[in-house]
Amino acid sequence: MTATIPGDATANIVLPKNKRGASRRRRENIAGYAFMLPWMLGFVLIVGGPVVVSLYLSFTDYSILGDPEWIGLENYERMFTSDPRFWAALRVTFTYLIVSVPLVQVFALFLATVLNRGIRGLTVYRALFYVPSLIGGSVAIAILWRFIFQSDGLLNNFLTAIGIPTDYSWIGTPSTALSTLILLNVWQFGAAMIIYLAGLRQVPTELYEAATMDGAGVWRKFISITLPMLSPIIFFNVLMNIVAAFQAFNTAYVVSNGTGGPADSTLFYTLYLYQRGFVDFDMGYASALGWVLLIISGGVAALLFWLSRRVVFYGDE
Amino acid sequence: MSTLTSNPPMQEVVARRRRRGGPDAPIGRKQFYRHLMLIAMASVMFYPLAWMLGASFRDDSQISDPGIWPGQYFTVDGYVEGWEGIAGVPFARFLFNSFLVSGLCVLGNLIACSITAYAFARIEFRFKGIWFAIMLGTLMLPHHVILIPQYILFREFDWLNTYLPFFIPKILATDAFFIFLLVQFFRAIPRELDEAARLDGCGHVRIFVRIILPLSKPALATTAIFTFIYSWNDFFTPLIYLTDTQLYTVPLALRSFIDATASSAFGSLFAMSIVSLLPVLGIFIAFQKLLVEGIATSGMKG
Amino acid sequence: MSMKIRRTSAVLGTVAVGALALSACGGGSAAPAPTGEVEGEISYSFWGSPTRAEKVDAVIDLFETEFPDASVSAEVAEYYAYVERLTVRAAGDDLACTTGMQSTFFATYADNGVLLALDDLIASGQIDTTDIPEDLMAAGQIDGKQYMIPTGTFVRLLAYNEELVKGAGVDAPDDDMTWEDWADWLHDLQGGLPEGVYAAENDGGLMFTLTSWVIGHGETMFDEDGLAFSKETLADYFQYWIDLADDGVAMPPASIPEQNGSLELTPIALGKAATGTRDIPHLFIMEQALAGNGKPSAVKSVSMPSESDESANVLGSNGISIPESCDNVVTAAAFTDFFANDPAAGLAFQSDNGIVTNTAVQDALLEDAETPEGVKRNITTLRALTDAGDLTTSTYPEGLATLSTELLRLYQSAAFGEISVDDAVNEFFTSAESALN
């Protein structure tokens, strides 16, 4: 009945049924919190404090070099009622998000499935597709991007050469500047692709073999096997891509020289936040902007989580 | 037949393919078009890098040339001058610093994020849902908003001008992106394996170390690679916390090659950008093996 | 030589006398400057490229030789990165004991009590400013108190590509033009330029050029209440550049990103535009870039256009400040003084960040064979301006950075037809209300 089981000492103790359940729960709690210890420490020591302070600052008038002064909801009021640039920033960010996230995911997933088939030169292709993610944030790329998209840049030279003469400045005209940044982001799909590749590795080949024997074609296999098995990873990639898109800063900052121009057409939300906080020295307002962004992205994330219940298939359920 | 076996390592797949047509068989049409498409895309991906490479061997005055070939303006001045570094601190030192910092970050993340992810993925404990939401929430607050409070906090800890602001947050699992990544990967591993181990008397620690971790090699490799690259390319944290040139990391050093108020050293910028790309590519290629050969099983025995 | 009477000539004429008088009054003033030995460790924080970092190291070596008990550690970063870091450091009271500052942004720090007022140190002689012209000293003052010692000055002038102008068959511009004259001259120039080359860069969104415009039209930029010029002036300014661009004489607004960023990639440097506004030290860089691009030409300068006899050449300055939080003011003052005044230091630094302000150091540089040609030219150009009194000052209030961003953005909106010029002007004035208060 109670054979000695080597290993986990606590398994040796036999308790009456309900007490076993309770002590099991308690053990689980202890184990859980034991594993969570680093994160808890991190949250308390490193993250929690600054986060709480930033919330406080959002209700103040804080010029960084002076002391914060409580002004209640004034920052939030100003944001929603008398700040057209706030709405402009939201519009730019949402446009960027809605266009680039699907594009990135589609490219990444497509290339990952293609490369997963054991093609010759796989290693080389994988590295090549990933390289843009490695150098994307650098100053060098910002310079190059301007070279490509300015009025006498590479793209226009190419277009002129194939018979479409133009000297349109893609990067200097408000209506197309954002598109160049979207392109810059899509160019860096390699990171998502790597994650998909890792996920694809975890899909057992037998499933595909069994399906083939049942007469399923490539597309059918993709829909019925790959997508469901990969769904936790897809969910992760999409959610993270959206969160990252909300906070996109670096490329816009470098390519537009911190201006969000031309004429605020590349004024990403966090770039606007940065301007308000560090250029205008209006840190209270910037903090409020930050918290509004958290609420918006939190809302979108919650929505995605809710959706994922129906659509994502976990191996542990 | 319910025995599911592992995903075969890549060599076998390729070998199988080869066996079909023999070593000298021409590639099929499908393969040809596939390669064509891949090559076309790869060239587009690769062009900017090729340009940077060409520009690094080209005299500064030709900076506006969008072509790849340096031609008559070939020079290695960019590499020579760039390697001398800044104010007597050689570039090799910056590379070393970056390696140190990135290495520490990888270590920190691998340990801390996997532990935390295991808890979220495999243990039922009180308030788990709330903590998970908070963890994800930390990802959604823009960094600039907590920058100054965090700077003052680290200053109080006396961490300025050290590498502690880089390492400690990692070892304390503040990088929620990777926690979430690992949670998703862990959850894709069927619970039956855990339960089988439990019957054998394993507790959480054993399950974590003996079952989950080995099956997550692709995910862990991904975490390692990405952490390394993010921290290697991180410009802002070093800018704020490091004032001593001796401690500078590569991105900080690279930026100073193009100061807007002085003549720009483009050649040095591109040359050293290429030089600092090599270790990152190297790490990536080294870890790629793990991505390729990671074994995933969803097997039930018998 | 220009015949205009310049406003500042009288002041400049009393340079040495005025400064000497100032320092002589030190004796009976209220707060004594900290005294003591020059010893211990301080930091000097500045922006620049590796080349500049080397020169600073040379200066530091000379300083440490003269004051063996003191040591200085250098902290360098690229300009934009430097400014970002400055704010965070200031928030934590962590500024280096000697911190590089610029007239365009030091006001915020001075107004918020971050910087030490240096008047006592000047009075006690620890920072000697006798050889720095009074007008240049003004660039580092707020409300009459000295918060920054100017060590390198820059003046923005009109620059033109001599070859392109000659090739177009037009006379070179001169120092006496009005803005109307300038527009006419540009139209003439455009007629003779090759395809794809513009007569002028587009300055519609640039704060410095607007400053010259405002001063040239007889107004001032700022006063205690905020903007001190009229909406019409700004509207006319926007319209001026919109019209020039529409006529194909100035570069189109879509080319504005090409004007930002590295100097070597600007339209003048690439030979795409014949004229534009440039700081004196950048003229030489333009020439080098043009030579490298196979379009060698001299790049000459003339005074900014002005509608009256007032000079519209606006002075700005780089300098050094000492923060309130500095714990070794004596050494910091000694280093500042050394950096600004010591001839050997001047020769080592070679006026790398703006034209050196100390007249004795200027002389030393002019005489030294090692000094690069470009530096000598910069000094002579500045001297010519100061001698002719062809300089003017403007205040750089807190909030200037915000206004500069607003100006650019609103000009672009108007130029692309997104809003009307009047709406743009109104929005600018509204922003200025909150930014300047």
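Where is the place of C:S351 in chain C? C:S351 sits in the loop between α16 (343–349) and β13 (355–356) of chain C, with helices (H or I, at least four residues) and strands (E, at least two) taken as DSSP runs and numbered from the N terminus. Phi of C:S351 is positive, about 50°, although C:S351 is not a glycine. At 11% relative accessibility C:S351 counts as buried; the cut-offs are under 20% relative accessible area for buried, over 50% for exposed and partly exposed in between (1.4 Å probe, protein chains only).

The model is predicted, with local features needing pLDDT of at least 70 and side-chain atom pairs counting only at pLDDT 80 or more, while totals for chains, interfaces and linings use all residues. Residues are numbered from 1 along each chain as its sequence is written, chains are lettered from A and ligands numbered from 1 in the order in which they are written, and side-chain values use heavy atoms, with hydrogens and water left out.

A positive phi also turns up in chain B. B:D158, a residue other than glycine, has phi near 70°. B:D158 is in the loop between α6 (143–156) and α7 (164–171) of chain B, and its relative accessibility of 63% makes it exposed.

Back in chain C, C:T151 belongs to strand β6 (residues 149–161) and is buried at 13% relative accessibility. Leaving aside residues up to four places away in sequence, C:T151 is in contact (heavy atoms within 4.5 Å) with C:S317, C:N318, C:G319, C:I320, C:F339, C:A340, C:I355, C:V356 and C:T357. Of these, C:I355 and C:V356 bring in strand β13 (355–356), at the end of the loop that holds C:S351.

Chain B itself is built from 14 helices and has zero strands. Of its 302 residues, 56% are buried. Among contacts in chain B with a separation of 6 or more, 70% join residues 24 or more positions apart. Chain B exposes about 12,800 Å², with carbon and sulfur atoms supplying 65% of that area; accessible areas come from the Shrake-Rupley method with a 1.4 Å probe, and for residues only the protein chains shown count as cover.

Chain B meets chain A through 113 residues of chain B and 100 residues of chain A. The two chains bury about 9,300 Å² between them, 74% of it on carbon and sulfur atoms. Buried area here is the accessible area (1.4 Å probe) that two parts lose on being put together, summed over both. On the chain A side, A:F35, A:W39 and A:R201 lose the most area to chain B, together 9% of what that side buries. The rule finds one salt bridge across this interface, and A:E28 and B:R198 meet in a salt bridge at 3.7 Å, N to O. A salt bridge is a side-chain nitrogen of Lys or Arg within 4 Å of a carboxyl oxygen of Asp or Glu. Nine residue pairs, both at pLDDT 80 or more, are in polar contact between chain A and chain B. For a polar contact, a pair of N or O atoms lies within 3.5 Å; within protein, one must be able to donate a hydrogen and the other to accept it, and residues adjacent in sequence count only if both atoms are side-chain atoms.

C:P50, C:E78 and C:V88 supply 20% of the area that chain C buries against chain B, more than any other three residues. Two salt bridges are counted between chain C and chain B. C:D94 and B:R155 form a salt bridge, with the closest N and O atoms 3.8 Å apart.

A polar atom of the C:T87 side chain lies 3.3 Å from the backbone oxygen of C:V83. Not counting residues up to four places away in sequence, C:T87 touches A:I64, A:F278, A:F281 and C:Y109.
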